[in-house]
Amino acid sequence: MGLEYSMIFDYENKILQVKLVYYGPAMSGKTTSIKYLFSYFNKGEKLKSIDSSVGRTLFFDFGVLNFKGADWSLKFLIYSATGQDFYASTRPATLNGVDGLIFVVDSRLEYKKYNLRSWNELRSMFGAQIYNIPIIISLNKCDLVDRMKFDENQFLQIIDSNRFKYVSINKTVAVKGQGILDAFNKLINFIFPELTINMSLTN
């Protein structure tokens, strides 16, 4: 049985609540990506993280970004799922109710098996439902890729990307903030393909 996913409509207050999750193997750059995103919107203080003594996420990062529109507002609940296997039991709860995913890949070739293991775990939790969820494949640490180039086309073939309704690949360097906002915007455009979002950030 797969996880449930659906956005929440608050008709009384005209607020649409959307849940986004950053997923991927340990140390791939999920927390760094989210921290940059919130910093970009000057909402760094709104992001909550539960870290270990060595700065690795134990359970999840969590923050909310609110955008005010002319009629309706968007409330983005943004999480990262821990990549540490010791806390793997927390991942299904983090993913439940998700409307869009950013799968953060460690682009270094030697981490290929960890990327695939994380992806297979994600797919097993959703089953066939995963092909209906908008997903951005974020190739992080692409600045560290040298002659041992990560084969993004091969990765797309392995995950059977043609079966997805909405999927895109995006290169990022999270420690520098490169590509982070672009990945976020692409995901929003997937979730709302017919909506032109012209909104201002609120508290």
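Predicted model: local features only at pLDDT ≥ 70, side-chain atom pairs only at ≥ 80, totals over all residues.
Residues are numbered from 1 along each chain as its sequence is written, and side-chain values use heavy atoms, with hydrogens and water left out.

Just after α3 comes Gly127, with a positive phi of about 65 degrees.

## The overall layout

Now for the wider view. The protein has five helices and nine strands, taken as DSSP runs numbered from the N terminus (H or I and at least four residues for helices, E and at least two for strands). Along the sequence, these elements follow the pattern β-β-α-β-β-β-α-β-α-β-α-β-α-β.

Of the 203 residues of the protein, 45% count as buried. Among contacts between residues at least 6 apart in sequence, 72% join residues at least 24 apart.

## Salt bridges

How many salt bridges does a search of the whole structure find? The search finds five, each being a side-chain nitrogen of Lys or Arg within 4 Å of a carboxyl oxygen of Asp or Glu. One of them joins the side chains of Asp106 and Lys141, at 3.0 Å from N to O. Asp106 lies in strand β6 (residues 100-106) and Lys141 in the loop between β7 (135-140) and α4 (152-158), so the pair ties together parts that are 35 residues apart in sequence. Both Asp106 and Lys141 are buried. With Arg108, these two residues are linked in a network of salt bridges.

Another salt bridge pairs Glu152 with Lys171, their closest N and O atoms being 3.7 Å apart. This pair links distant parts of the chain, since Glu152 is in helix α4 and Lys171 is in strand β8 (residues 167-171), 19 residues apart. Lys171 counts as partly exposed at 46% relative accessibility. Arg163 and Asp160 also meet through their side chains in a salt bridge, at 3.9 Å from N to O. Here Arg163 is partly exposed with a relative accessible area of 49%, and Asp160 is partly exposed too, at 32%.

## What Glu152 touches

Not counting residues up to four places away in sequence, Glu152 touches Leu139, Ile169 and Lys171. Glu152 and Leu139 are 13 residues apart in sequence, and their C-alpha atoms are 8.2 Å apart in space.

## Where α1 meets α5

Two packed helices are described by the angle between their axes and the distance between the axes. Helix α1 (residues 30-40) and helix α5 (residues 180-191) pack at an angle of about 85 degrees, with their axes 9 Å apart. That makes α1 roughly perpendicular to α5. On this scale, 65 to 115 degrees is roughly perpendicular, under 35 roughly parallel, over 145 roughly antiparallel, and the rest oblique. The axes are lines fitted to C-alpha atoms, for helices over the stretch in contact, and angles run from 0 to 180 degrees between N-to-C directions.

Which residues meet here? Ser33, Tyr36, Leu37 and Tyr40 in α1 meet Ile180, Leu181 and Phe184 in α5. By class, this contact has six nonpolar, one polar and no charged residues; Ala, Val, Leu, Ile, Met, Phe, Trp, Tyr, Cys and Pro count as nonpolar, Asp, Glu, Lys and Arg as charged, and the others, Gly among them, as polar.

## Two loop residues with positive phi

Most residues other than glycine have a negative phi. Lys14, however, has a positive phi near 55 degrees. Lys14 lies in the loop between β1 (8-10) and β2 and is partly exposed, with a relative accessible area of 40%.

Met27 also has a positive phi, near 65 degrees. Its place is in the loop between β2 and α1, and at 54% relative accessibility Met27 counts as exposed.

Conventions: Buried < 20%, exposed > 50% of the residue type's maximum accessible area, 1.4 Å probe, protein only. Contact = heavy atoms within 4.5 Å.
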